[in-house]
Amino acid sequence: MKLTDTKQDQYGRIKRIGGDTHFMNRITAIGVTEGTEFQTVRNDKRMPVLVYLRETLIAVNRSDAERIEVEIR
Amino acid sequence: MKNAIALLGQPNSGKSTVYNALTGSRQHVGNWPGKTVEKNDGYYTYKGTRYTVTDLPGSYGLSGNSDEEIITADFIKAGQADLTCILVDASQLERSMYMVAEFAAMDKPAVLLLNMMDVAKAQKKEIDHKLLEQRLGIPVLPFTAAESKGYDALKDLLASELENPHKLASAPELPEGSDVHGESEAKYRWIQSVLAGVTHSEQKKFELSKRDRRLLSPILGKFACFGTILVGFLVAMIICFPLMGIGSMIPQLLNVPIADLLNGWNVHPWLVSIFSIILPNTLYFCIAMAGFVFGVNLVFGYLEEIGFLARAAYQFDSLLSGLGLQGKAICPILMGFGCTIGGTCGTRVMDNWGQRMLAMAVVWAVPCASIWTIIPVISSMFFTPWQTMLVILGILLYVVLLMTIVSKVFGRTLSPESTRSGMIMELPPYHKPHWKHIAKEALLKAWDIFKRALRTVTLISLLFWAFSYSGSGNVADSLLYKVGTAIEPVTRVFGLGWRTFMGFLSSAFAKEAVLGVLNAVFVGEGTVLDATFRSAFNVATDNAVLGQAMSDVVSKAEALAFMCACTFNIPCVMALSTTFRESHSLKWTARIAAFYVCGALILSCIVYHIAALFL
């Protein structure tokens, strides 16, 4: 499933990140990498997805979040 | 270069705080060769030795995602710094160590600053910095950038490391032929091995604080953000008001004495008017501008430091991504309703130059507070109160349309789809503000703007002066009149007679000048020169008389066209000069200025010809 499909307070692991090198560099530099454990903190319609990982609260805009595949624990 | 230090760190690592604290006002802002990226370097002297400091631009890594990252990576690779001081956020050590992992490949001397120790301590995070030092092979200094007491220790460390530099003892082993994922995994593995036993971090359940639950909720949060920014803006105005007041006294105090003095020496009247009118007024404009920048930076520096701005960016991201911008642009845009200069400066929060330039162009579309003081006055000369409200509503609707047009016209080049970066940002935990530091930064910025503006505003003022100067004091003797009447057949196409066209021109200088200039050209009281430069403190315009005089010559359709043209013209000389200073691009500033002048005239043309059918 995609990161955008997760619900509030669900825990999971990043499975695959798609997109071009530019995007992947950006997202991995901030701490989102394949295999990272995360918690979805907020996921409201038409709002960036808020995830908590590596002790950081990170907002990812929706179209980018669609490119992140996750599995729920 | 000897004793060259470079500062490297992710956003929110406190890099600019350290840079400002080290160099104070001994800073130089320029461009990186061939790039529009701002180059910040400065120096400080410690124990008799001079050290230069370069604030390296960039975002989260060194992998070349943007001009900024390429510049930073090249700078370090070329060995242009004798020592790189890397900053990491101690409260989020694992994540912010990514910069160190990226740096490791460069194999250059470095020291590591564990910044935000105060936050880490408040979160009860313990860090064994001695162990980290052993593992990394470079000195590690626990630090709190916003407190002044640690800086001597930092300067001592930098000095001794320049004498006897250390390089990182290990680097991530990147598997051969691997892609971004393989490499980043290797980097984080390296970070984890370095941090093992240094700090204890566990993934706990994260709970939003009560404040965040409100501030981040989709509807209530938007109102809360909007309200906070509005209040922040009012506070900024209250702070800068005294400074602006003092500034406005300068022309009043200096005008007559200087004129008397120079006349006593039999100086040519040209020079008298330059020294007694233009220069004191330029000084006033620049002080007012600096006062405003100070107030805005104080308030928004505070909002940024406590972590509010990141929340506002989250709230408005979806809305703004439609314009090719991202959430961070919300603040500059809202600030634009107060003053375009403030909004233009506020675009500093954007981390990509193209989007930043685009944000400035969009901010210009927002009508500033001065416009709201002139439009109702002019409108009420021609229209009933109800119609005036319609005019204002129309203007507001056009603002939205114009923003869309601007983003369409400039967005393709400034922020092309391929480099368009959506918002991926961290929402830092709420910090306690360090007031002393915020005030110091605001003062530095205000002083900086003041120095820079003085030159530009003087130059443009002189230009305007040359056009509006008339030896006899009669409008008809000025170059402006001659040119204005000569091109009236052309300006008529746009719905403007020569008088209203002059008002339009003055609206590019300063919106406050418009009423005074109208008074000069319609009623014949005072010269255009006086009206333009003295309007700010001498609003002796009798609106009833002006209204009578105007409505005799000007049709309702022309009035409507004129108001539209003024509102959407170049905001003012100061905004123009700030945009140039902030963007470092004369080409783009000129392009955007040309766009706004043409856009205002085209709008005026359309409005006039349609309105002429009905009114």
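Two strands count as paired here if DSSP finds at least two bridges between them. Keep that in mind for the first view of this predicted model.

**View 1. A strand pair that crosses from chain A to chain B.** Strand β4 of chain A, residues 56-60, runs antiparallel to β8(B). Three bridges join the two strands, so the pair meets the cut-off of at least two. Look for Val60(A): across from this residue, in β8(B), sits Ile424(B).

**View 2. The whole interface between chain A and chain B.** Here 37 residues of chain A are in contact with 41 residues of chain B.

View 3. Three salt bridges turn up across the interface of chain B and chain A. One of the pairs that form a salt bridge is Asp9(A) with Lys205(B), whose closest N and O atoms are 3.4 Å apart.

**View 4. The side of chain B that touches chain A.** Four elements of chain B each supply at least two residues to this side: α3 (93-96), α8 (180-195), α12 (308-321) and β8 (424-426). Which of them gives the most? That's α8(B), with six residues. Sort the residues on this side of chain B by type and you get 18 polar, 13 nonpolar and ten charged.

Definitions and conventions
Residues numbered from 1 in each chain as written. Chains lettered and ligands numbered in written order. Predicted model: local features only at pLDDT ≥ 70, side-chain atom pairs only at ≥ 80, totals over all residues. Heavy atoms only, no water. Contact = heavy atoms within 4.5 Å. Salt bridge = Lys/Arg side-chain N within 4 Å of Asp/Glu carboxyl O. Nonpolar A, V, L, I, M, F, W, Y, C, P; charged D, E, K, R; others polar.
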